[in-house]
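Colleague: I have a new structure open and I'd like to learn how to read it. Could you walk me through it, feature by feature?

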Amino acid sequence: QVQLVESGGGLVQPGGSLRLPCAASGSIFSINTMGWYRRAPGKERELVAAITSDGSTNYVDSVLGRFTVSRDNAKNTMYLQMNSLKPEDTAVYFCNARVRRPTTLRLVDYWGQGTQVTVSS
């Protein structure tokens, strides 16, 4: 089995920063793309940022220039650095990883439990 654990969420004032780590553990041969998603109250889940195993990234337009996604492949960990936070960034943030399993070599998607980010004065 594979577990994804997010942390780092909390309450921050507008203009502030947070860093969200997502650590993957368990039966992992390799990890392809990893991504951060968020679900705001009353809205559908959206992809915020994604990063491939070779470091290519993409972002939703609303966070360009403010958020940075990175990963440490040796630690199977992904990070989301969030700067200049706005109230509209308030959401539950979820980590996703496309994992290649060691025995079957199949690609399987896994999700973390989510971490709440609240931006408010």
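Predicted model: local features only at pLDDT ≥ 70, side-chain atom pairs only at ≥ 80, totals over all residues.

Colleague: What holds strands side by side in general, and how many bridges join β3 to β8?

Modeller: The general idea is that strands of a sheet pair through backbone hydrogen bonds, either parallel or antiparallel. Here β3 and β8 run antiparallel and are joined by six bridges.

Colleague: Which strand pairs with β1?

Modeller: β1 pairs with β3, in the antiparallel sense, over five bridges. An example to click on is Gln-3, opposite Ser-25 in β3.

Colleague: So what order do the strands take in the sheet?

Modeller: Read across, the order is β1-β3-β8-β7, an open sheet of four strands with antiparallel pairing. β1 and β7 stand at the edges with a single partner strand each, so one side of each has no neighbour in the sheet. From one strand to the next, the twist averages 15°.

Colleague: Next, burial. Is β8 mostly covered or mostly open?

Modeller: Mostly covered, as five of the six residues in β8 are buried. Take Met-82, which belongs to this strand (residues 77-82). Its relative accessible area is 0%, so Met-82 counts as buried.

Colleague: What does Met-82 touch, if I skip residues up to four places away in sequence?

Modeller: The list is Gly-16, Ser-17, Leu-18, Leu-20, Arg-66, Phe-67, Tyr-93 and Val-117.

Colleague: How should I think about a core, and which residues of the largest nonpolar core touch the most other members?

Modeller: In soluble globular proteins, nonpolar side chains tend to be buried together. In this model the largest nonpolar core has 30 residues, and Trp-36, Phe-67, Met-78, Leu-80, Met-82 and Tyr-93 touch the most other members. The elements giving two or more residues to this core are β1 (2-6), β3, β4 (30-39), β5 (46-51), β7 (67-72), β8, β9 and β11 (115-119). β9 supplies the largest share, five residues.

Colleague: Now the cysteines. Which two are joined by a disulfide?

Modeller: To call a disulfide, we look for two cysteine sulfur atoms within 2.5 Å. Cys-22 and Cys-95 are joined this way, with 1.9 Å from S to S, and the count comes to one disulfide. Cys-22 is in strand β3 (residues 18-26) and Cys-95 in strand β9 (residues 91-100), so the bond ties together parts that lie 73 residues apart in sequence. The torsion about the S-S bond is about -65°, so this disulfide is left-handed.

Colleague: Are Cys-22 and Cys-95 buried or exposed?

Modeller: Both Cys-22 and Cys-95 are buried.

Colleague: What lies 2.9 Å from a polar atom of the Thr-90 side chain?

Modeller: There are two backbone atoms to find. The backbone oxygen of Pro-87 is at 2.9 Å from a polar side-chain atom of Thr-90, and the backbone nitrogen of Val-119 is 2.9 Å from a polar atom of that side chain too. Leaving aside neighbours within four places in sequence, Thr-90 also contacts residues including Ala-40, Pro-41 and Gln-116.

Conventions
Residues numbered from 1 in each chain as written. Heavy atoms only, no water. Buried < 20%, exposed > 50% of the residue type's maximum accessible area, 1.4 Å probe, protein only. Contact = heavy atoms within 4.5 Å. Core = buried A, V, L, I, M, F, W, Y, C linked by side-chain atoms within 4.5 Å. Polar contact = N/O pair within 3.5 Å; in protein donor to acceptor, adjacent residues only side chain to side chain. Pairing = 2+ DSSP bridges. Axes fitted to C-alpha atoms, helices over the stretch in contact; angles between N-to-C directions.
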